[in-house]
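Here is a friendly briefing to read alongside the model. Keep the sequence and the 3D view open as you go through the topics below.

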Amino acid sequence: MAIQWFPGHMTRAKRQIQDKLKLIDIAIELLDARVPLSSRNPMVDDILQNKPRLIVLNKSDLADPKTTEKWMAYFAHEGHECVAVDSQTGTRVGDIPAKAKEILHEKIAKQIAKGMNPRAVRGLIVGIPNVGKSTLINRLAGRNIAATGDKPGVTKGQQWIKVGTEMELLDTPGILWPKFEDQLVGYRLAMTGAIREQILNVDDIAFFAVRELADRYWPALQERYELEKQPSDPEDSEEIVRVMEDIGRKRGCLMGGGRVDLEKASGIILRDLRAGKLGRITLEAPYDDMPVRER
Ligand code: G4P
């Protein structure tokens, strides 16, 4: 995945979504439950304007359930309904049509009051690449509809997909761009696999991952790699590299002279993290823009 988001591309993506907004009743904003802020498009409010919105925290199977609850409360406080789902297995995906109807209840009640037979609620899924849009569409449709890995700027004939009897979805999702300006956001997206290693260096991503995990999820890291000493200061780069070397030694990533192959160790750490082998991990909590040490 190496989508280049040039300014012209963003403008086109924005226009494409705004064209689709005219066709729908509700936007379904898909975020990664492990990094709800970093996986959020910086202009989403501007793009979706006043369209009713449901926030869906996807990949909740990989996220820390307690922090997911905090995020749901946070979004509710922001005035948005929110559900947490796992699109891969379908857990709680069935809540989406019901929530959408709940959000649109006034509109539906007005239609009924006018003697109209309310039609199915029409929705559009929007989100950054790799957040799981195609997986969710396929899951809601109950069959393989959306080609995964679709590219922004590619238009094709649009179709409505029936989700039960009460909801219809546009078959092509709205593809939004991630935030670029903040380096931490880039690393967090890379840790979750949303940005591939071709863009950021694998050792750098793993370094960031170990630093965050050593601070917040030390027991998980310690147990997985049988580590001994928690770094006393996660801001101390040398201590973090020592933990990475320890992991490399435990996993047999050695080069000549007994030196640790950090790149190989980094690959293992990232694969384990992304596959949930370190447990359910969330990398950001609401209201925490504090330095690592003070969280
Ligand atoms: P996109 O359309 O937004 O670009 O994302 P897409 O559906 O292609 O999903 C990106 C990756 O995230 C896929 O994995 C997909 O299986 C995975 N995924 C989507 N939803 C969930 C979820 O709720 N939980 C988990 N654990 N994973 C999810 P991939 O490695 O790219 O492909 P594959 O291994 O599934 O073939």
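Helices (H or I, at least four residues) and strands (E, at least two) are DSSP runs, numbered from the N terminus. This is a predicted model, in which local features need pLDDT of at least 70 and side-chain atom pairs count only at pLDDT 80 or more, while totals for chains, interfaces and linings use all residues. Residues are numbered from 1 along each chain as its sequence is written, and side-chain values use heavy atoms, with hydrogens and water left out.

**Overall build**

- The protein holds eleven helices and seven strands.
- The C-alpha trace spans about 80 × 35 × 35 Å along the principal axes of the protein.
- Domain 1 covers 7-170 and domain 2 covers 201-275, with bounds that come from an automatic or database domain assignment.
- The C-alpha centres of domain 1 and domain 2 are 36 Å apart.

**Surface, burial and charge**

- Of the 295 residues in the protein, 50% are buried; buried means under 20% relative accessible area, exposed over 50%, and partly exposed in between (1.4 Å probe, protein chains only).
- The protein exposes about 14,700 Å², and carbon and sulfur atoms supply 49% of that area; accessible areas come from the Shrake-Rupley method with a 1.4 Å probe, and for residues only the protein chains shown count as cover.
- There are 45 positive and 43 negative charges, and their mean positions lie 7 Å apart.
- In that count Lys and Arg are positive and Asp and Glu negative, with His and the chain ends not counted; each charge is placed at NZ of Lys, CZ of Arg, CG of Asp or CD of Glu.

**Contacts along the chain**

- Contact means heavy atoms within 4.5 Å. Among contacts between residues at least 6 apart in sequence, 71% join residues at least 24 apart.

**Two loop residues with positive phi**

- Most residues other than glycine have a negative phi.
- Q49, in the loop between helix 2 (44-48) and strand 2 (53-58), has a positive phi near 45°.
- K59 sits in the loop between strand 2 and helix 3, and its phi is also positive, near 60°.
- K59 counts as partly exposed because its relative accessible area is 22%.

- H80 lies in the loop between helix 3 (65-77) and strand 3 (81-84), and it is buried because its relative accessibility is 17%.
- Leaving out residues up to four places away in sequence, H80 touches R40, R53, I55 and F75.
- I195 is in the loop between helix 7 (183-192) and helix 8 (202-216), and its relative accessible area of 14% makes it buried.
- I195 and H77 are 118 residues apart in sequence, and their C-alpha atoms are 30 Å apart in space.
- I281 belongs to the segment after helix 11 (262-274), and at 5% relative accessibility it is buried.
- Which residues does I281 touch, not counting residues up to four places away in sequence? They are R34, L62, A63, D64, L213, Y217 and L273.
- The C-alpha atoms of I281 and V121 are separated by 34 Å, with the two residues 160 apart along the chain.
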